[in-house]
Amino acid sequence: MGILEGKRILVTGVITDSSIAFHVARLCQEQGATVVLTGYGRLSLVERIAKRLPEPSPVLELDVTNDEQLDSLAGRVAEHVDGLDGVVHSIGFTPQEALGGNFLNTRWEDVATALHTSTFSLKALTTAVLPLMKDGGSVVALDFDNSVSYPIYDWMGVAKSGLASTARYLARYLGDQKIRVNLVSAGPLSTMAARSIPGFEELASAWPQRAPLGWDVTNPEPAARAVVALLSDWFPATTGEIVHVDGGFHSTGA
Ligand SMILES: NC(=O)c1ccc[n+]([C@@H]2O[C@H](COP(=O)([O-])OP(=O)(O)OC[C@H]3O[C@@H](n4cnc5c(N)ncnc54)[C@H](O)[C@@H]3O)[C@@H](O)[C@H]2O)c1
């Protein structure tokens with residue numbers, strides 16, 4: 001018996017087989033869950049990647065900034081499963097102008113895109129599928145520590161601070177429906193989104209050196225395992241929380 005036996009989980013954010021979401025979906029299936037995926041943009045690519053999962057999963061189109069697609073999401077998910085026990089938000093996007101040391105010159109339009117896609121989207125996704133979560137459930141989103149500033153990360157860091165706050169407010173408003181909302185704050189991982197950040201490798205090089213447990217930027221499994229744990233019944237009284245999966249990096253000063 002897996003820890004997600006019988007659960008129905010919606011996983012967003014698969015684009016390659018290094019996506020954190022791909023490993024979440026794989027582990028969800030290995031732990032007994034039925035998985036529905038959403039994909040953004042290149043759907044045929046997402047469908048191809050989905051074929052590498054242990055079980056076939058339907059792929060639904062979702063641009064998390066598109067109100068029409070959000071409005072129809074619950075109905076489209078319901079064509080495949082009769083409800084949801086868990087939702088995974090693994091979505092992030094920041095225009096290049098909002099990253100890489102351009103903080104002081106970034107225009108509001110670029111910041112707005114970052115916040116819409118990476119921060120507000122957690123509220124938008126969660127409320128879109130709320131009608132399917134009648135028996136409560138677990139929402140988990142992927143965070144990157146922003147309790148201090150980092151070089152290069154810039155407005156994406158601000159977006160992640162907002163994501164953490166959004167999760168706390170969702171936890172407040174959804175607790176009476178027995179819906180938990182938590183974040184997994186992962187250390188740097190070499191995914192498509194990360195590689196699009198100019199200077200990512202230099203930023204990431206601090207983790208293997210400083211994290212007490214060490215850190216492998218090529219291994220998304222520890223972060224994905226934490227997501228699965230939070231989706232399971234083994235965190236029944238935890239909400240509004242951030243679980244750090246970064247080799248302990250955030251706990252050290254230098
Ligand atoms: N890679 C890291 O170092 C790292 C560390 C901590 C947290 N995270 C977070 O993990 C999450 C997943 O990123 P990843 O590293 O697996 O990279 P990834 O590139 O594999 O995934 C990012 C996903 O966001 C999706 N996306 C972008 N814009 C979207 C939109 N408008 N609507 C719907 N989906 C959209 C992309 O299609 C893609 O699937 C992000 O929130 C990211 O910030 C990543």
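## Basis

In this predicted model, local features need pLDDT of at least 70 and side-chain atom pairs count only at pLDDT 80 or more, while totals for chains, interfaces and linings use all residues. Residues are numbered from 1 along each chain as its sequence is written, and side-chain values use heavy atoms, with hydrogens and water left out.

## Ligand shell

Around the ligand there are 28 residues, of which Gly 13, Ser 19, Val 64, Leu 189 and Thr 191 come nearest (a residue is near if one of its heavy atoms lies within 4 Å). By class, this shell has 18 nonpolar, seven polar and three charged residues (Ala, Val, Leu, Ile, Met, Phe, Trp, Tyr, Cys and Pro count as nonpolar, Asp, Glu, Lys and Arg as charged, and the others, Gly among them, as polar).

Oxygen atoms of the ligand lie 2.5 Å from a polar side-chain atom of Thr 191, 2.9 Å from a side-chain N or O atom of Lys 160, and 2.9 Å from a backbone N or O atom of Ala 193 (a polar contact is a pair of N or O atoms within 3.5 Å). The protein covers 92% of the 820 Å² of accessible area that the ligand has on its own (Shrake-Rupley method, 1.4 Å probe).

Phe 144, Asp 145, Tyr 150, Ser 185, Ala 186, Gly 187, Trp 207 and Asp 246 line the largest cavity (on a 1 Å grid over the protein atoms alone, a set of points where a 1.4 Å probe fits but cannot get out, with lining residues having an atom within 4 Å of a point). By class, that lining has four nonpolar, two polar and two charged residues.

Terms used
Polar contact = N/O pair within 3.5 Å; in protein donor to acceptor, adjacent residues only side chain to side chain. 1 Å grid on protein atoms, 1.4 Å probe; cavity = no way out; pocket = protein on both sides within 12 Å on 5 of 7 lines; lining within 4 Å.
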